[in-house]
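I opened the model today to go through its first helix and its charged pairs. My notes follow.

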Amino acid sequence: MDAGDERQLVKEWHDLLVQHAVVYQSLERELQARHGIGVSEFEALEALARSENTQCRAQDLTDVVHLSQSAASRLIARMERDGFLERAICEADRRGILVVLTDEGRERHMEAQPTRRSVLARTLRETG
């Protein structure tokens, strides 16, 4: 790769980082202001709403929200405290923990979906 190609590649990387930051910050601000949740909470609610029986293993949710295991564990605890989800023992593997969407979590997700769509449409078009 010559120096010009490398500079272009690095520029594209930096442009992607800027776009991510703008979109993420806008989404975080709007979701917090309108619905009292952040991006991680929304993504967890989204994953649960789309999953079979509105539940998944806690580890699978960790992978979806792109957080470390300890950060995801704190997120799950906070969301359980807020009434958005419940934890249950996995009947198929008693060592596993399931995370189950509650009615309150389903409602918050449905209320926040239009906000996410609006922010994504606006910010991705502005920065893209």
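Asp-15 has 39%, so I logged Asp-15 as partly exposed.

Confidence next. This is a predicted model. I found a mean pLDDT of 92, with 98% of the residues at 70 or better. Confidence is highest in helix α2 (residues 39-50), at 96, and lowest in helix α3 (residues 58-65), at a mean of 89.

Then I checked helix α1. Its 33 residues should span 48 Å, and I read 47 Å between the end C-alpha atoms, which agrees. Asp-2 caps the N-terminal end, with a side-chain oxygen 3.1 Å from the backbone nitrogen of Gly-4. Just after α1, Gly-36 has a positive phi of about 70°. I listed the buried residues of α1 as Val-23, Ser-26, Leu-27, Leu-31 and His-35.

I also looked at the surface. Trp-13, Leu-16 and Leu-17 form a nonpolar patch there, with about 310 Å² of accessible area together. Trp-13 itself is partly exposed at 49%.

Salt bridges last. I counted nine in the whole structure. Asp-15 pairs with Lys-11, with the closest N and O atoms 2.6 Å apart. The two sit four residues apart in α1, so about one helical turn separates them. Arg-34 bridges to Glu-30 at 3.1 Å, N to O. Arg-122 also forms a salt bridge with Glu-30, at 3.6 Å. That pair links helix α5 (residues 103-127) to helix α1, 92 residues apart. I noted one network as well, joining Glu-43, Glu-46, Arg-50 and Arg-116.

How values were computed: Residues numbered from 1 in each chain as written. Predicted model: local features only at pLDDT ≥ 70, side-chain atom pairs only at ≥ 80, totals over all residues. Heavy atoms only, no water. Patch = residues over 30% accessible without salt bridge, like charges linked within 9 Å, V, L, I, M, F, W, Y side chains within 5 Å. Areas by Shrake-Rupley, 256 points an atom, 1.4 Å probe, with all protein chains shown as cover. Salt bridge = Lys/Arg side-chain N within 4 Å of Asp/Glu carboxyl O. Buried < 20%, exposed > 50% of the residue type's maximum accessible area, 1.4 Å probe, protein only. pLDDT = per-residue confidence, 0-100. Expected span 1.5 Å × (residues − 1). Polar contact = N/O pair within 3.5 Å; in protein donor to acceptor, adjacent residues only side chain to side chain.
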